Amino acid sequence: QVQLVESGGGLVQTGGSLRLSCAASGRTFSMYNMAWLRQAPGKEREFVAGIRWSTSDSYYADSVEGRFTISRDNGKNTLYLQLNSLKPEDTAVYYCAATRLLGPLLQRARDRDRYDFWGQGTQVTVSS
């Protein structure tokens with residue numbers, strides 16, 4: 001079992017930055033591929049970024065490539081998402097998720113059942 005708790009969301013102006021964290025419990029965190037997804041009101045859930053457990057290779061949605069950076073610290077059981085150059089369209093609830101498989105990251109999967117564990121989400125609001 002892996003429990004995930006996100007933090008770091010908040011209100012920021014356009015062009016600002018935030019750093020989201022996802023604290024994981026469980027001894028096997030380092031063996032899970034991790035992802036950040038987001039969902040804005042009235043919109044479908046969207047894959048944002050993913051990172052492999054073994055190589056730390058990362059994968060991004062086109063909409064955030066070059067602005068967001070995903071990283072992980074297996075020693076601290078923590079996943080991060082650095083959000084830079086934020087835009088109003090980045091406003092959403094951001095979730096971290098864990099999967100044993102690589103496919104969901106390669107496919108930029110957004111469906112809930114593609115991941116084994118989810119956090120409760122943290123709100124990011126970007127004002128114009």
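**View 1. The salt bridge between E46 and R38.** In this predicted model, which holds five salt bridges, the side chains of E46 and R38 pair with their closest N and O atoms 2.8 Å apart. E46 counts as partly exposed, at 28% relative accessibility, whereas R38 counts as buried, with a value of 5%.

**View 2. The salt bridge between R110 and E44.** Here the closest N and O atoms of the two residues are 2.7 Å apart. R110 belongs to the loop between α1 (103–106) and β10 (117–118), while E44 belongs to the loop between β4 (33–39) and β5 (46–51), so the pair ties together parts that are 66 residues apart in sequence. R110 counts as partly exposed at 40% relative accessibility, and E44 is exposed, its relative accessible area being 55%.

**View 3. The salt bridge between R67 and D90.** The closest N and O atoms of R67 and D90 are 2.8 Å apart, and the pair links distant parts of the chain, 23 residues apart, with R67 in the loop between β6 (58–60) and β7 (68–73) and D90 in the loop between β8 (78–83) and β9 (92–99). R67 counts as buried because its relative accessibility, 11%, falls under the 20% cut-off; D90 is also buried, with a relative accessible area of 1%.

**View 4. The network of salt bridges that links R38, E46, R67 and D90.** This view brings together the E46 and R38 pair and the R67 and D90 pair, whose four residues are linked in a network of salt bridges.

Methods:
Residues numbered from 1 in each chain as written. Predicted model: local features only at pLDDT ≥ 70, side-chain atom pairs only at ≥ 80, totals over all residues. Heavy atoms only, no water. Buried < 20%, exposed > 50% of the residue type's maximum accessible area, 1.4 Å probe, protein only. Helix = DSSP H or I, 4+ residues; strand = E, 2+ residues; numbered from the N terminus.
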